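Please look over the sequence and the structure shown below before reading on.

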Amino acid sequence: MRIISGTHKGKRLRAPKNLPVRPTTDFAKESLFNILGNRINVADTKVLDLFAGTGNISYEFASRGAEDITAVDQHYGCCKYINATSKELDFNIRAIKSDVFAFVAKHLESYDLIFADPPYDLGEEAFSNLVTKVLAGDLLAADGILIVEHPKHLDLSEVPGFFELRRYGGSCFSFYNKK
């Protein structure tokens, strides 16, 4: 895993092998950030990274100038790794150990961009419920973007708020907003 661009461009990170993760590929991540670079000012974006895993997406946002990043994962080892790596790289990433669905239901802050990369084996209903819950509350800012990474066989285009799909190999990014 490496940071594609920004202050830490090219930095390679090695996560412990015992973490239950499937990091977003560098190719898919680079493509995603190319899209976002044309839509948002990353430095002014308050980011929430759900199912953060190794923190791969959070590090990319931080390297590109985002200063308010919250990463949520239920695995203690993932949160510990994110906190240690953030400290080492001098990033302002706050890792929270929590079940993502419980976090979404109770959290009161609002974010400009929410990225969610649930385990691919969760199933279509869980993916749909996550999107619905995020869009129903105040977690996503009124003009914010929710991006959900999911396997290519899963079609989430019928979930309200959907506006775009991008495919990269076996992964897809579905984009949502409140409009």
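## The largest pocket

Which residues lie nearest the centre of the largest pocket, and how many residues line it? In this predicted model, the lining is made up of 26 residues, and Pro20, Phe51, Asp73, Asp117 and Pro119 are those that lie nearest the centre. The space in the largest pocket comes to about 420 Å³.

Three elements, namely strand 1 (46-50), helix 2 (56-63) and helix 4 (100-106), each supply at least two residues of this lining. Sorted by kind, the lining residues of the largest pocket are 14 nonpolar, 7 polar and 5 charged.

## Helix 3

Helix 3 runs over residues 76-89, and its 14 residues reach 20 Å from the first C-alpha to the last, which is close to the 20 Å expected at 1.5 Å a residue. Just after helix 3 comes Asp90, which takes a positive phi of about 60°. The buried residues of helix 3 are Gly77, Cys78, Cys79, Tyr81, Ile82, Thr85, Ser86 and Leu89, and they pack against helix 2, strand 2 (68-73) and strand 3 (93-97).

Because its relative accessibility is 3%, Thr85 counts as buried, the cut-off being under 20%. Leaving aside neighbours within four places in sequence, Thr85 is in contact with Leu13 and Tyr59.

## Helix 5

Helix 5, residues 124-136, has 13 residues and reaches 18 Å from its first C-alpha to its last, close to the 18 Å expected at 1.5 Å a residue. Within helix 5, the residues Ala126, Phe127, Ser128, Leu130, Val131, Val134 and Leu135 are buried, and what covers them includes strand 1, helix 4, strand 4, strand 5 and strand 7.

In soluble globular proteins, nonpolar side chains tend to be buried together. Here the largest nonpolar core has 33 residues, and those with the most contacts inside it are Leu32, Tyr59, Phe61, Ile93, Leu113, Ile147 and Phe173. Two or more residues of this core come from each of helix 1 (26-37), helix 2, strand 2, helix 3, strand 3, strand 4 (111-116), strand 5 (140-151) and strand 7 (171-176). Apart from this core lies another, of 23 residues, among them Leu50, Leu135, Val148 and Val159.

Phe173 touches a number of residues, not counting those up to four places away in sequence, and these include Thr24, Ala28, Leu32, Phe115, Ile147 and Val148, as well as Glu149, His150 and Arg166.

Key. Residues numbered from 1 in each chain as written. Predicted model: local features only at pLDDT ≥ 70, side-chain atom pairs only at ≥ 80, totals over all residues. Heavy atoms only, no water. 1 Å grid on protein atoms, 1.4 Å probe; cavity = no way out; pocket = protein on both sides within 12 Å on 5 of 7 lines; lining within 4 Å. Points joined across faces, edges and corners; volume = space filled by probe spheres on them. Helix = DSSP H or I, 4+ residues; strand = E, 2+ residues; numbered from the N terminus. Nonpolar A, V, L, I, M, F, W, Y, C, P; charged D, E, K, R; others polar. Expected span 1.5 Å × (residues − 1). Buried < 20%, exposed > 50% of the residue type's maximum accessible area, 1.4 Å probe, protein only. Contact = heavy atoms within 4.5 Å. Core = buried A, V, L, I, M, F, W, Y, C linked by side-chain atoms within 4.5 Å.
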